[in-house]
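Here are my notes on this model. Please read them with the structure open.

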Amino acid sequence: MKTWRPISILAFSLAVSLALAAPAAAQLSLTPPALQAPATKPAATPNAKPHTVAKKPAAPEAKPAAPAARPPAAATVTPAPAPQDPHVDLVYGAYQRGEYKTAFDLATARAQAGDVKAMTMLGELYANAQGVKRDYARADDWYRRAADGGDREAMFELAMMRIAGRGGAVDKQEAVKLLASAAKLGEPKAAYNLALLYIDGQTLPQDLGRAAELLRVAADSGNPEAQYALATFYKEGTGVPKDIEKSVRLLQAASVAENVDAEVEYAIALFNGTGTPKNEAAAVALLRKASQQNSPIAQNRLAHVLVTGLGAPMDKIEGLKWHVIAKTAGKGDLFLDEAYAQLSPEDRAKVEAAARRWLGVK
């Protein structure tokens, strides 16, 4: 029976970029880890959620009325929730609808009144040219004001600007301080990116144990990139005791959140029955999904399944289509090359036509 080897973990290479994976969500772009011994400096890619504008907390619960001599057994008083701040809802609502100019105008008024979330919103709008001309200097200023006011999102965004050198000179030491402060306040993206710096071992001394702690914070908050990276730690026994089952559970969580690398690794674990009950049908379904998301490794594994008929009905045309597609991305395979060479000219033409349709090549 065919057994697949897990994907070898890529070495971390620190490549910094400021991008939006979701509205208002800049992040450090890094690639999850192949960890060698601490003496070797591995190098280090992550996702983020939109900024949320804080809402006023509900009013404290009202005290129940004084009981009568014999009160009813289940008598309770449930206070009505305090109304939410309509101005805050208007700012964030406009932002979510893509009405950036309206969000900018409303946030400006709120920021001038001292609202730190509105300050963060202004930083985001200026940084991403939403409703206003891009101006990194002004974005930096608003993020700084919000960070000084204790907003963890602003601390994270300002750290990303310091790393990228936007709005000012590159200053990785200040970025580290901002990430540490934001992580301490529970910002998962900050914890994740700070972990990557500890893994990289350039900006900070390499400390894989500390990196694992920070990855756990981010993973527990639902960050799929952190879940995937921590899964590799548990698989390799890096910074944590080796635990294959825990690794697979983290891969599953990241896969549910649509981290493509995790989908492929989890599919391989399911196919082999490693750390989880064997389930070839579920594995193949995940490989199809990841292949359609342009993962060359998934395309290669799916090609093997379809060409050999192990785990799914044999379909050499479809399988070799995925082989050709994966090969254009640099994922060659001698076994599949031989299978392709054995096709009739008519079938090779079908494979090439199917691959061209997928790749959009005439």
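1. Helices are DSSP runs of H or I with at least four residues, numbered from the N terminus. Helix 5 is followed by Gly165, whose phi is positive, near 75 degrees. The model is predicted: local features need pLDDT of at least 70, side-chain atom pairs count only at pLDDT 80 or more, and totals for chains, interfaces and linings use all residues. Residues are numbered from 1 along each chain as its sequence is written, and side-chain values use heavy atoms, with hydrogens and water left out.

2. Helix 5 has 13 residues (152–164) and should span 18 Å at 1.5 Å a residue, taken as 1.5 Å times one less than the number of residues. Its end C-alpha atoms are 19 Å apart, which agrees.

3. Eleven of the 13 residues of helix 5 are buried (under 20% relative accessible area; exposed is over 50%, partly exposed in between; 1.4 Å probe, protein chains only). Among them are Phe156, Leu158 and Arg162. The buried residues pack against helix 3 (116–127), helix 4 (136–148), helix 6 (172–184) and helix 7 (188–200).

4. Salt bridges (a side-chain nitrogen of Lys or Arg within 4 Å of a carboxyl oxygen of Asp or Glu) number 21. One joins Arg144 and Asp148, at 3.8 Å, N to O. Both lie in helix 4, four residues apart, about one turn of the helix. Salt bridges that share partners link Asp140, Arg144, Asp148, Arg162 and Glu174 into one network.

5. Arg110 also forms a salt bridge, with Asp115; their closest N and O atoms are 3.1 Å apart. Asp115 is buried, because its relative accessible area is 17%.

Note on methods: Helices (H or I, at least four residues) and strands (E, at least two) are DSSP runs, numbered from the N terminus. Contact means heavy atoms within 4.5 Å.
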